[in-house]
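Thanks, everyone, for making the time this morning. I would like to walk through one structure with you, going from its sheets to its core and then to its charged pairs.

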Amino acid sequence: MRKKIKLILFFLVLLAQAVALAQARNPIIFADVPDMSMIRVGATYYMSSTTMHMTPGVPIMKSTDLVNWKIINYAYDTLADLPALNLTEGKNIYSRGSWASSLRYHNGMYYVTTFAHDIPGETYIFKTKDIEKGNWERVSFKPSLHDHSLFFDDDGKVYLIYGADRLKIVELNEDLTGIKQDVPERVLIENASAPTGKEVGLAAEGSQLFKVNGKYYLFNICAPRGEMRTVIIHRADNINGPWEGKVGLQDRGIAQGGLIDTPDGRWFSYLFRDFAAVGRVPYLVPVKWEDGWPVLGENGKVPEILALPASKGLIPGLVASDEFNRKKGQAALPLVWQWNHNPDNSLWSVTERKGFLRLKTGRIDTDFLQARNTLTQRTIGPASSATVAVDVSKMKDGDFAGLSAFQKEYGSVGVKIDGSQKSIVMITTDNDKPVEVKRVPLDQEQIYFRIDCDFTGMKDEASNLYALNGKDEANFFYSLDGKVWKPIGRPLKMKYSIPHFMGYRFGLFNYATKETGGYADFDWFRIKD
C-alpha cells in the first residue's frame, strides 16, 4: 500500500511540475522592452515600447496570448535628419531620441504617440489603419510632452495627459495634428506622488489613462526617496476630477504600465522592472477589482507563475539569427535588427555579396560609440550568446570590425588592421575609456567571434530596492574554424548605464581609423538563449 501511495505522490509531483512548465513565468520577456503601452483588438494584443536612439524606432509587437510576442512593425524609420541623430559633428542622442509611447485603437485607426526628449524636442503622432503592414501617417508639433498618455473620451474629445508629479492635460484638435488652441492646458493632478505619503525621489510620471465601467483610472510610476519604484493609481468619475489616489503596488521595483483585459474577462497589469544590465524587463500582474479599484498582484506581490500559456522563447519573435540570405521581395533586414542612431544607407548592403552583410567604411572615426552603422539586437536573460562569422579580406589599414556587447561600458572582440598585419583584438571599457586587453596575430581571412552574456548577477530577488547594477558579466571568444573556441581578454563587468538608458545589445560593427573604402563581410549572426 505504501508503495502505491508513494507512486501516486510521485506522479502528482510530476503532474504539478508539468502544469507549472505549461504556464507563463515572470518576467514574461527577459529582455529590454521598457515603457510598454498595450491594447487588445478582438483577440489580438499589440504593444509599443521605447528604443530611444535606435532606428527604426518605436517597435510594435503582436501577441495572441500576452506572453509570446513578435515584432511586426516600427512607427518610423528615422525620427529626423539632424547631426545628433546621425552621429555626425561629434554629436549623439544616447538616452534620448523617442521616449515612452502611447498606443491606442479608435474607430478603426491605430495611433502611436511619442515624444523626443530635447532633440528634436517635439511630440509625434503616428496613425495607420493597418498596424502590421501599413505605413504610418505622421504629424509633429511642439512642445515635447513628457511621458504622455493619449486618450479618446466617449464624448469625442481627445487628450494628452503628461508631466511629472504636477500632471497636466491638453485637448487635441479633431484631426490630432496639434493642441487645440482655444482650450488652455490645465493641471489634472497637482501632486500625483502624494499617495506614498513620503518625500519624493522619482516624481510620479509615465502616465497611462484608462476608462473602465465609466470610471477613469490613471496609472503612474514614482519612488519615495531611497525606496523602490511604486505603482500609483488615481481614479475619478469625471476626467476633470476630483481624483483620489492610492498606492497600487510596491514589489521589487516592478512598476510603470497600465491595464489590459482578456477576451474571457480577466484583467492584468503590464509593468516593467529594472533588471540590471539586461535592461528593463516586462512583467504581467493579475488584477482583481474590489470596490471599484484594480487590485494588483497576489497579497501585494507579483507572482512568478501566471495562468497564461508558457513562453516559447524570444527567438525568433524579438531576436533572431540571420544568415543574411535574402529572397526576392524580402526586407533587407528583419525587424529584429536596429541601427545605433540613423545609418548611412550607402555604406551597408545585403545584396553586393549574396548571403553576406557588408559593412563599409566611409569616414574616419576614433570612438566606437560615435561610429555609424553599428547593427544591433537585444541580449536575452538570464543568459544568451551570439556568434558571427566574418570575412576580413577587404579591410584596410586602421579598420576595426567585429562583435560587441554594446552599451556605454562596452566590450568588443574583432579584427584590427595595422599596415599589412591583421590581429584579433579584445577591447573593454575602463572609466569610460576603451582599453585594449589582448591582441593575437591573425593570418587568415575568415574568423569567428562569440560573446556569452550572463545576467544572473542580480541575486537579491527579495530586496525591496531594485538594482541597476548586479554582477552581470560578458565573456569573449574567437575561433579560427568555427568549432574550437578560445577565450580572449577578460570578462566585461556589464553595467546598466543611465547615459545610454538601455540594456546591453549585441552589435556588429566596422569602422575606419586611418583611411576609408574598406569593408567587412559578415557571413552570419547566430543567437542562443
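This is a predicted model: local features need pLDDT of at least 70, side-chain atom pairs count only at pLDDT 80 or more; totals for chains, interfaces and linings use all residues.

Let me begin with an open sheet of four strands, whose order is β7-β8-β9-β10 and whose pairing is antiparallel. At the edges stand β7, residues 102-106, and β10, residues 137-141, and since each has a single partner strand, one side of each is left without a neighbour in the sheet. From one strand to the next, the twist averages 20°.

Next, two hairpins. Strand β15, covering residues 200-212, and strand β16, covering residues 215-224, pair in the antiparallel sense over eight bridges, and Glu205 is found opposite Ile221 in β16. Two residues lie between these strands in the hairpin, and Asn213 in the turn has a positive phi of about 50°.

The other hairpin is made by β2 and β3, again with two residues between them, and in its turn Gly42 has a positive phi of about 65°. Strand β2, residues 37-41, pairs with β3 in the antiparallel sense over five bridges, and the bridge partner of Arg40 in β3 is Tyr45. β3 also pairs with strand β5, residues 57-63, in the antiparallel sense, over four bridges, where Met47 stands opposite Met61.

Is β3 buried or exposed? Five of the five residues of this strand, residues 44-48, are buried, so β3 is largely enclosed by the rest of the structure. In a regular strand, side chains alternate between the two faces of the sheet. In β3, Thr44, Tyr46 and Ser48 point one way while Tyr45 and Met47 point the other way, and all are buried.

The largest nonpolar core holds 95 residues, of which Phe449, Leu508 and Phe525 touch the most other members. Strand β21, residues 280-290, contributes the largest share of this core, namely five residues. Leaving aside residues up to four places away in sequence, Leu508 touches a set that includes Phe324, Trp337, Leu357, Phe522 and Phe525. A second, separate core has 18 residues, among them Met52, Phe406, Tyr496 and Phe509.

With a relative accessible area of 1%, Asp472 is buried. A polar atom of the Asp472 side chain lies 2.9 Å from the backbone nitrogen of Gly457. Contacts of Asp472, not counting residues up to four places away in sequence, include Ala276, Val278, Phe455 and Lys493.

Finally, the salt bridges, of which the count comes to 33. Side chains of opposite charge can pair when their charged atoms come close. Arg280 and Asp35 meet in one, at 3.7 Å from N to O, and this pair links distant parts of the chain, with Arg280 in strand β21 and Asp35 in the loop between β1 and β2, 245 residues apart. Both ends count as buried, because the relative accessible area is 4% for Arg280 and 8% for Asp35.

Lys211 forms a salt bridge with Asp153, the closest N and O atoms being 3.2 Å apart. Lys211 is in strand β15 and Asp153 in the loop between β11 and β12, 58 residues apart. Here Lys211 is partly exposed at 30% relative accessibility, whereas Asp153 is buried at 5%.

Terms used. Residues are numbered from 1 along each chain as its sequence is written. Side-chain values use heavy atoms; hydrogens and water are left out. A nonpolar core is a set of buried Ala, Val, Leu, Ile, Met, Phe, Trp, Tyr and Cys residues joined through side-chain atoms within 4.5 Å. Buried means under 20% relative accessible area, exposed over 50%, partly exposed in between (1.4 Å probe, protein chains only). Contact means heavy atoms within 4.5 Å. Two strands pair if DSSP finds at least two bridges between them. A polar contact is a pair of N or O atoms within 3.5 Å; within protein, one must be able to donate a hydrogen and the other to accept it, and residues adjacent in sequence count only if both atoms are side-chain atoms. Axes are lines fitted to C-alpha atoms, for helices over the stretch in contact, and angles run from 0 to 180 degrees between N-to-C directions. A salt bridge is a side-chain nitrogen of Lys or Arg within 4 Å of a carboxyl oxygen of Asp or Glu.
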